[in-house]
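Dear colleague,

Here is the structure I promised to pass on. My notes on it follow below.

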Amino acid sequence: MSSALDRLKNLTAQISSYELERKNNLKELQNLYEKLGIVNKVESFNDLFEYKAINLSGISLSDEDLGSIKEGKYAQIIAIIYDKNAKVKNKNISLAYYGRAEKLSASLKKEIIAFVLGWRFEKSFRTLEHYHNLLSSMRAIEDE
């Protein structure tokens with residue numbers, strides 16, 4: 001019995017930790033949204049989460065070499081829009097352009113990476129909520 005209670009306590013602590021991290025992430029993300037000039041392309045902060053994905057060019061986001069510069073490339077934050085009615089379903093748009101990647105200051109590079117990773121973190125929560133709602137809808141259909 002105490003084992004089940006311990007697991008429940010651990011799970012509750014983990015969920016609380018994620019929610020606290022999510023709130024902090026959203027604050028930092030909104031800060032970076034303004035500081036990095038993305039507000040100039042996307043008027044509403046919440047509209048950022050309508051994009052299918054956000055990627056980064058010129059700077060690596062892979063586990064093995066996070067933050068390494070891709071020589072000769074330009075650093076920019078790119079959003080991917082999905083339009084199911086268009087002939088070409090995915091469209092890339094630049095949210096922010098920063099010039100040659102190798103000329104970025106270390107602090108700007110860190111902020112750009114933090115923005116993209118923070119967006120992905122928040123998007124994962126929103127995707128989870130979306131699927132949770134779909135499952136709830138599906139269960140309601142089964143009960144009819």
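What pattern does the protein follow when read along the sequence? The answer is α-β-β-β-α. That comes to 2 helices and 3 strands. Helices (H or I, at least four residues) and strands (E, at least two) are DSSP runs, numbered from the N terminus.

Two points on the source. This is a predicted model, in which local features need pLDDT of at least 70 and side-chain atom pairs count only at pLDDT 80 or more, while totals for chains, interfaces and linings use all residues. Residues are numbered from 1 along each chain as its sequence is written, and side-chain values use heavy atoms, with hydrogens and water left out.

Overall shape

The protein has a radius of gyration of 19 Å, whereas a compact globule of 144 residues would have one near 15 Å. The radius is taken over C-alpha atoms, and the globule rule is 2.2 Å times the number of residues to the power 0.38. Along the principal axes, the C-alpha atoms fill a box of roughly 60 × 45 × 30 Å.

Surface, contacts and charge

Of the 144 residues, 28% count as buried. Buried means under 20% relative accessible area, exposed over 50%, and partly exposed in between (1.4 Å probe, protein chains only). The protein exposes about 10,100 Å², and carbon and sulfur atoms supply 53% of that area. Accessible areas come from the Shrake-Rupley method with a 1.4 Å probe; for residues, only the protein chains shown count as cover.

Take the contacts with a separation of 6 or more: residues 24 or more positions apart account for 60% of them. Contact means heavy atoms within 4.5 Å.

There are 22 positive and 20 negative charges, and their mean positions are 5 Å apart. Lys and Arg count as positive and Asp and Glu as negative; His and the chain ends are not counted. The place of a charge is NZ of Lys, CZ of Arg, CG of Asp or CD of Glu.

Helix α1

Helix α1 covers residues 2-35. Its 34 residues should span 50 Å at 1.5 Å a residue, and the end C-alpha atoms are 49 Å apart, which agrees. The expected span is 1.5 Å times one less than the number of residues.

Which residues of α1 are buried? They include Arg22, Asn25, Leu29, Leu32 and Tyr33. Lys23 also sits in α1. Lys23 counts as exposed because its relative accessible area is 57%. Between Lys23 and Thr127 there are 16 Å, C-alpha to C-alpha, at 104 residues apart in sequence.

At a relative accessible area of 47%, Glu34 is partly exposed. The C-alpha atoms of Glu34 and Arg139 are 41 Å apart, with the two residues 105 apart along the chain. Gly37 follows α1 and has a positive phi, near 80 degrees.

From the loop to strand β1

Glu43 is placed in the loop between α1 and β1 (53-57). Glu43 is exposed, at 76% relative accessibility. Its C-alpha atom is separated by 11 Å from that of Leu95, 52 residues apart along the chain.

Asn55 belongs to strand β1. Leaving aside neighbours within four places in sequence, Asn55 is in contact with Gln76, Ile77, Ile78, Ile80, Val116 and Arg120. For Asn55 and Gln76, 21 residues apart along the chain, the C-alpha separation is 8.5 Å.

Best regards
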